Amino acid sequence: MKRTGGSRLSRRISERVDSIKPSGIRKFFDLVIGRPDVISLGVGEPDFPVPWRIREQMIYSLERGITSYTSNHGLPELREAIAEYYSKFGFRPDPENVIVTTGVSEGIDLALRAILNPGDAVLIPEPAYVSYKPLTILAGGEAVAIPTTPDFKPNYDHLSKYAKEFEPKAIILNYPNNPTGVTYSKKELEEIADLAIEFDMIVVSDEIYSELTYSGKHVSVASLNGMEERTIVLNGFSKAFAMTGLRIGYVIAPEDIAEAMLKIHQYCMLCAPITAQIGALEALRNCDEELDRVRAEYMRRRNLFVKRLSGVFEIRKPEGAFYAFPKISDYGLSSEEFAERLLLEKGVAVVPGNAFGDCGEGYIRCAYAVSMEKLKEAIDRIEDFVRGLRPNP
Ligand code: PLP
């Protein structure tokens, strides 16, 4: 075998794929498998079951043998329901511009592949959800990280500096945010919208945690003046309805971009699973009470976590989603060292902040998607762990 540089393995693999790193969340997830003593605040997976009425509709559809493909777009009644549902976040899209996807993950991929030409820059305020950067690179784009620590909010002046330098094609927003729990007010979104218009950027807005907004109302950036025509909204059912394994989400995009996304979706996915689409329809039509209950429970957990640990760490109170992002750098350990030692010594799994971008170094992400009982025990163990560490003077 002639070797012309690189390992044999890496020559078999596309350079683009070879250049991206495996997710830092998976690594910690794998460490937890097979350890029942570990309390995992690691993975962003709701601990609630899918609401019964959703499961019932899916079971009934299976009993009737409804297991076919749907149209590439998704079931017409579901697209209609999604369009109607989005009015609560400030605008009612044309159902023609809605595509049902296999989760928001697919939506991110479709969005980036539909809009990027080789080398196009994409602004990604960090800390950010782990898939934005790799999927930008896989779509041929250049991911431009914008650090937002310590307040975790991108502001106009900060962003415009990067926009001038990189002339980006798009910016990716995610609010309420994974991993920081922050969300953006209408005023903050208006600043970003002004910038998007000024620099002619497309906004990819990942609103998967919109239903888990604790106070005030979630506002979609697409609802702001002049933004519907330049925003790709991504949303789904994994978090609020605990439908993670059912793989179901959707995109709402301007007509030309929706058409481009559909082209990719029809070749690489064909359609989202019909059983999950039927469940999603029930979720939108009849699950308001379940949503209220779940949101209230996450809020209770958030309150407990922040109350108990704010004497130990600097913590910004999460405004949505189910993540807290405490600062741990005062204890003189890197994020990875902290997370590894906490896991090995006390059996609590968290994710090191640098998994979400370099500026997440010095933080850890704790997902409070576990029962109150487990959360209390995890907090006790964290307190115990830090008692053994000496804060930096
Ligand atoms: N976007 C964000 C911000 C997430 O936190 C997640 C999952 O953790 C996803 C997208 C993926 O969602 P889905 O299960 O719909 O693919």
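A polar side-chain atom of Tyr209 sits 2.7 Å from an oxygen atom of the ligand, a polar contact being a pair of N or O atoms within 3.5 Å (within protein, one must be able to donate a hydrogen and the other to accept it, and residues adjacent in sequence count only if both atoms are side-chain atoms). The protein covers 93% of the 400 Å² of accessible area that the ligand has on its own, with areas taken from the Shrake-Rupley method and a 1.4 Å probe. Before we go on, please keep in mind that this is a predicted model, in which local features need pLDDT of at least 70 and side-chain atom pairs count only at pLDDT 80 or more, while totals for chains, interfaces and linings use all residues. Residues are numbered from 1 along each chain as its sequence is written, and side-chain values use heavy atoms, with hydrogens and water left out.

Let us stay with the ligand for a moment. It is surrounded by 13 residues, the closest being Ser105, Asp206, Tyr209, Ser238 and Lys239; a residue counts here if one of its heavy atoms lies within 4 Å. Ser105 brings a polar side-chain atom to 2.5 Å from a ligand oxygen, and for Ser238 an N or O atom of the side chain is 2.7 Å from an oxygen atom of the ligand. Among the elements, α6 gives the most to this shell, with 3 residues; helices (H or I, at least four residues) and strands (E, at least two) are DSSP runs numbered from the N terminus.

Which residues of α10 are buried? They are Ile257, Ala258, Met261, Leu262, Ile264 and His265, where buried means under 20% relative accessible area, exposed over 50%, and partly exposed in between (1.4 Å probe, protein chains only). Seen down the axis of α10, these buried residues fall within an arc of 165 degrees, so they line one face of the helix; the arc is that of the directions from the helix axis to the C-beta atoms. An α-helix has 3.6 residues a turn, so residues three or four places apart point the same way. On the face turned away from the buried side, α10 carries the exposed residues Glu255, Asp256, Glu259, Lys263 and Tyr267. Leu270 follows α10 with a positive phi, near 70 degrees.

Leu159, Ser160, Tyr162 and Ala163 are its buried residues. Viewed down the axis of α8, they fall within an arc of 165 degrees, so they line one face of the helix. Their cover includes β3 (121-126), β4 (142-147), β5 and α9, while Asp157, Lys161, Lys164 and Glu165 are exposed on the other side. At the N-terminal end, Asn155 caps α8 with a side-chain oxygen 3.2 Å from the backbone nitrogen of Asp157. Just after α8, Glu167 takes a positive phi of about 45 degrees.

Thr183 is found in the loop between β5 (170-174) and α9 (186-198), and Thr183 is buried at 12% relative accessible area. Not counting residues up to four places away in sequence, Thr183 touches Lys153, Tyr175, Pro176, Glu188 and Glu319. Ser335 belongs to helix α13 (residues 335-346) and is buried, at 0% relative accessibility. The C-alpha atoms of Ser335 and Ile364 are separated by 6.2 Å, although these residues are 29 residues apart along the chain.

Notes
Contact means heavy atoms within 4.5 Å.
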